[in-house]
Amino acid sequence: MEANNRGTGRLPAAFLTPGSSSFMDFLGAHQPEMLPGNRKLPDGVIEAPHGTTIVAATFPGGVVLAGDRRATMGNMIAQRDIEKVFPADEYSAVGIAGTAGLAVEMVKLFQLELEHFEKVEGATLSLEGKANRLSTMIRSNLGMAMQGLAVVPLFAGWDEGKERGRIFSYDVTGGRSEEHGFAATGSGSIFARGSMKKLFQPDLTEEQATTLVVQALYDAADDDSATGGPDLYRHIYPIVTVMTEEGFRRLSDAESSELARKITNRRLEQPDGPRAALL
């Protein structure tokens, strides 16, 4: 029957009536070799470009997710303008840290997973459901993570039911945690988190929240060689996205460059950035 379908250009019946709302399950049943976690790799640790620092922060009207633009391979800069923050759907986004190629592929699968669910079920997943689906995908990559090809994303979005922005972080086993206020992942995360810890306020405006995450990325780049700061000469700036009740929005190049230039100019006077009050 399958051969006949191929000859006539018609899809097999199973493709037209999927039994699961999960695209991962569907792909695993029909072409499991296309799933990243099912690929056979050579023995030993594989050297591949890695994405570095992703940060997020909530504000009363939503959540901001941002990332620097540098990818490294060992002690080398593999790419200066990589994109690490992607829309997952209309109200959420995912930022990638870890093995760049696998991470981008995982994001594309995640986008298809959410789109497939909506088409099959006729409704969108809750934000919590989306976070759980991403957790399952990360867990399926554990074999590759043990060979040095780990993917550790940060997921953020607008929760339509709870009417607020939310942030979820993960470990390489797919373990999921909800972060409150702000979060960071990647090689520069310890410095970015320390920066946000001193500057974050629960009543930030959207403009202040976007400024906060870019300040945090600047601080991460200041202390972590794998994180790239704003490159004014090459016109390479952090990717900043905002999710509110109106949906996903990515700051334009003009908006990102203006924000980065303001922060950079201010750092000429205060190289270590804004100071938090002692009391």
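## First stop: a loop

Select histidine 235, which sits in the loop between α8 (206–223) and β13 (239–244). Keep in mind as you go that everything here is a predicted model. Histidine 235 counts as exposed because its relative accessible area is 55% and the cut-off for exposed is over 50%. Now check its backbone: phi of histidine 235 is near 60 degrees, a positive value in a residue other than glycine.

For another case, jump to glutamate 163, in the loop between β9 (154–159) and β10 (164–170). Glutamate 163 isn't a glycine, yet its phi is positive, at about 55 degrees. With 59% relative accessibility, glutamate 163 counts as exposed.

## Into strand β9

Next, pick aspartate 159, in strand β9. Is aspartate 159 buried or exposed? Its relative accessibility is 8%, so aspartate 159 counts as buried.

Side chains of opposite charge can pair when their charged atoms come close.

## A few salt bridges

How many salt bridges does the count come to? The answer is 17 salt bridges. Start with lysine 84 and aspartate 68, whose side chains meet at 2.5 Å, N to O. This pair links distant parts of the chain: lysine 84 is in the loop between β5 (76–79) and β6 (85–89), and aspartate 68 is in the loop between β3 (62–67) and β4 (71–73), 16 residues apart. Lysine 84 is buried, with a relative accessible area of 1%, and aspartate 68 is buried with a value of 1% too.

Now go to arginine 249 and glutamate 206, a salt bridge with its closest N and O atoms 2.8 Å apart. Here, too, distant parts of the chain are linked: arginine 249 belongs to strand β14 (residues 247–250) and glutamate 206 to helix α8, 43 residues apart. Arginine 249 is partly exposed at 36% relative accessibility, and glutamate 206 is partly exposed at 29%.

One more pair to click: arginine 266 forms a salt bridge with glutamate 269, and the closest N and O atoms are 2.6 Å apart. Arginine 266 is partly exposed, with a relative accessible area of 46%, while glutamate 269 is exposed at 59%.

## The largest pocket

The largest pocket has a volume of about 280 Å³. To find it, select Glu207, Thr210, Thr211, Leu259 and Lys262, the closest to its centre of the 13 residues that line it. Two elements, α8 and α9 (253–267), each give two or more residues to this lining. Which element gives the largest share of the lining? That's α9, with 6 residues. By class, the pocket lining has 3 nonpolar, 3 polar and 7 charged residues.

While you're on helix α9, select aspartate 253, which lies in it. Aspartate 253 is exposed, with a relative accessible area of 60%. Its C-alpha is separated by 9.6 Å from that of valine 240, 13 residues apart along the chain.

## Two cavities

Now hide the surface and look inside, where the count comes to 2 cavities of 30 Å³ or more. The largest cavity has a volume of about 50 Å³, and its lining is Asp89, Leu114, Phe117, Glu118, Thr124, Leu125 and Lys130. Helix α4 (residues 100–121) gives the largest share, 3 residues. By class, this lining divides into 3 nonpolar, 1 polar and 3 charged residues.

The second largest cavity, with a volume of about 40 Å³, is lined by residues including Val94, Ile96, Met106, Phe110 and Pro153. Helix α4 gives the most to this lining, with 4 residues. What classes do you find there? The lining has 9 nonpolar, no polar and no charged residues.

## Last stop: a patch on the surface

Bring the surface back and select Leu142, Met146 and Val172, which make a nonpolar surface patch of about 270 Å². Leucine 142 is found in helix α6 (residues 142–145), and at 31% relative accessibility leucine 142 counts as partly exposed.

Notes: Residues are numbered from 1 along each chain as its sequence is written. This is a predicted model: local features need pLDDT of at least 70, side-chain atom pairs count only at pLDDT 80 or more; totals for chains, interfaces and linings use all residues. Side-chain values use heavy atoms; hydrogens and water are left out. Patches are made of residues with over 30% relative accessible area and no salt bridge: like charges are joined within 9 Å, nonpolar side chains (Val, Leu, Ile, Met, Phe, Trp, Tyr) within 5 Å. Accessible areas come from the Shrake-Rupley method with a 1.4 Å probe; for residues, only the protein chains shown count as cover. A salt bridge is a side-chain nitrogen of Lys or Arg within 4 Å of a carboxyl oxygen of Asp or Glu. Buried means under 20% relative accessible area, exposed over 50%, partly exposed in between (1.4 Å probe, protein chains only). On a 1 Å grid over the protein atoms alone, a cavity is a set of points where a 1.4 Å probe fits but cannot get out, and a pocket is an open set with protein on both sides within 12 Å along at least five of seven lines; lining residues have an atom within 4 Å of a point. Grid points are joined across faces, edges and corners, and a volume is the space filled by probe spheres set on the points. Ala, Val, Leu, Ile, Met, Phe, Trp, Tyr, Cys and Pro count as nonpolar, Asp, Glu, Lys and Arg as charged, and the others, Gly among them, as polar.
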